[in-house]
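Here's a quick briefing to read with the model open. Have a look at the fold, then work through the notes.

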Amino acid sequence: MLNYTLRRLMFTIPTLLLISFIIFIILDMAPNDPTGNLPLTIPPEVREKIRASLGLDSPMYIRYLLWCQQFFINEPLNLFNQWFGWCVGDCEGRLRVTSWATRSPVVDLIAERMPQTLWVVGMSYVVGILIAVPIGVISAYKQYSWFDQIGTLISMIGFSVPTFFTGVLLIVIFSVWMPNDSVFWLPSIYDTTLKVVDWSSFVQQMRQMAMPVMVLALFNAAQISRYMRASMLDNLSQDYVRTARAKGLKEKSVLLVHVLRNSMIPVVTVIALGIPQVFGGAIITEQIFKVNGLGQLLIIGIQGADIPLVQTLTFLFAVLIVLFNLVADILYGFLDPRIRYE
Amino acid sequence: MKDTNAAILDVVNLKTVFSTRDGEVHAVNNVSFSLKPGELLGIVGESGSGKSVTMMSLLKLLPMPPAEIRSGVIEFDGQDIRQISDEELRRIRGGEIGFIFQDPMTSLNPVFTVGFQLVEPLRVHMGLSRKAAKKRAAELLELVGIPDAPARLKDFPHQFSGGMRQRVMIAIALACDPKVLIADEPTTALDVTIQAQILELIKELRQKLGMAIVWITHDLGVIAEIADRVAVMYAGQIVEHAEVKELFANPQHPYTRALLETLPKMNEARGTRLASIDGQPPNLDHTPVSCEFSPRCPYAFERCRKENPQRREISSAHDVACFWDFTSGGPFDA
């Protein structure tokens, strides 16, 4: 298993290099101009100089290599320096990947926004899973019952109605229609400056997270509960279930030990593969509720032709996707004894 | 046909129906049989004749719905299984009645170790501690002839061969010293040498443990080797029932006769075509109103197409559901 993991990790290096190159080319070909948003009074020669100062006059492969050096060597060293205080080489003068729009290091921008995204999107993922697994199990066990029918209907709604609709709908219900002094009134704007220090600020944090989490959890739960149901149905008709019943086990242990353990195998994989999306943020939902997370950062970066920012974020997502694919494969090996990676 | 002679399992007029989209399927029709302690009853019949469904009905192991036990009495050890609570039923399942299924490749849970699956019934029914159950599990594996038993408890089903897995299934079925063992075509999915080994094992275990066995198969050879009594099933009904020697020597139902004729013989001239029974097994979409075998039966006459023959006794412990009387060579008169 360890051997397999190491080999797979080795394979991720060329994969990621290739991905980074593709991201670089695509962004380079994009008809973006970092000076495009500057006032029209700036003469073309000055614009040219601004571009040169950003390194845009050198050929593409040079820029790519420099970017690689920056991303794979300098930034990790900077991170170590920041986190642990380890200093390797020139800590003060080392370059950072900086955002063209804000002039601050991209890594700092990401670190600033990561907590909001992880809180809101991550929480919605956890809530989604916690809702989805029991719904999937019961729906499958009581197939075609009213519970299953309603579960299916809600899943279909959660799956097919876009988050920009459910988000706005919730705002209308809980922020607009609901009287301001009601306990059910929820803020429609996420306040990033809120610090959780005591019970009342914690409650406030929960309240402002409630709506974006609900919107995203519905979407996640819809997806995962369908997988869970299908997987349970597959397993419920297996011969080993009959064996378990013939042994005289309680229905509960037949279902929750024998069937669930088998059914979780594909579902866990699906869940693991979905985690990169948590880090990627929920672009639309974050916009609606003004959560300044990673998704919103990406949108701002794209709008402002902030290529270093977009590059870094996109590549980061690529790393996470590759990594969690590996994690899913390894989990599969742990959950299913029939699978051995040699 | 109720046999009250201290039978451990007594089934009277069992009727199981499946509701499907295209109507009902009458899989088991008025099946009656009994089983005495220590006895081995063989049940033969072709695929779809209702052998397995009959046995699964006994312990309500069929998915319900679509299956439904419509009528009948299933008396096990003095109590009617159809009337008892789910909890009592669970105590009988695996505790008093052990079950072995046809396909050992799929009958074990792939993600749990053999030890775990063997320990489960021991803990549930015998209330053993973890440690004691483990010890007993190792003994059971040894009993069914799996070498290096304590170490193999940690193995997963896929690490066993088909024959070994069936041994594990037998160990699970026997775990709590059941009074009755129901073996549903336990050797069908295995190759012939393994089949012979399993048969030997069952014979040996039967001598050691003395439980009654119901052995379902479509293989008359297997029946001849191990059974005390045989019931022949056709279209969800028992058509003939006799002691094993009597049945093979003196078959009274045209279907039994035809079945026996289909067996290839050792001393037959080479090149003769294997005998077969012409026609198809009937559709089971109605309760039988005529003899279900009559369309394929060379002896069928008027009455067979109008009336479903009931089982009638020919001699003690031999009964047949047929209007034709082979001894007189003509229709039987009640």
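Strand S3 (residues 40-44) and strand S8 (residues 212-217) of chain B run parallel and pair over five bridges; strands here are DSSP E runs of at least two residues, numbered from the N terminus, and a pair needs at least two DSSP bridges. Within S8(B), Trp215(B) is the bridge partner of Gly42(B). This is a predicted model, where local features need pLDDT of at least 70, side-chain atom pairs count only at pLDDT 80 or more, and totals for chains, interfaces and linings use all residues. Residues count from 1 along each chain as its sequence is written, while chains are lettered from A and ligands numbered from 1 in the order written.

**The sheet in chain B**
- Eight strands make an open, mixed sheet, ordered S6-S7-S8-S3-S9-S10-S12-S11.
- S6 (97-100) and S11 (312-315) of chain B sit at the edges with a single partner strand each, so one side of each has no neighbour in the sheet.
- From one strand to the next, the twist averages 20°.

**Ser315(B)**
- Ser315(B) belongs to strand S11 of chain B.
- It has 11 C-beta neighbours inside 10 Å, so it counts as exposed (12 or fewer; buried is 20 or more, and partly exposed is in between, with C-beta atoms placed from the backbone).
- Its C-alpha is 9.1 Å from that of Ala242(B), 73 residues away along the chain.

**The helix in chain A**
- Helix H1 (residues 2-29) of chain A (helices are DSSP H or I runs of at least four residues) has 28 residues.
- Two of the 28 residues of H1(A) are buried, so this helix lies largely in the open.

Methods: Axes are lines fitted to C-alpha atoms, for helices over the stretch in contact, and angles run from 0 to 180 degrees between N-to-C directions. The expected span of a helix is 1.5 Å times one less than its number of residues.
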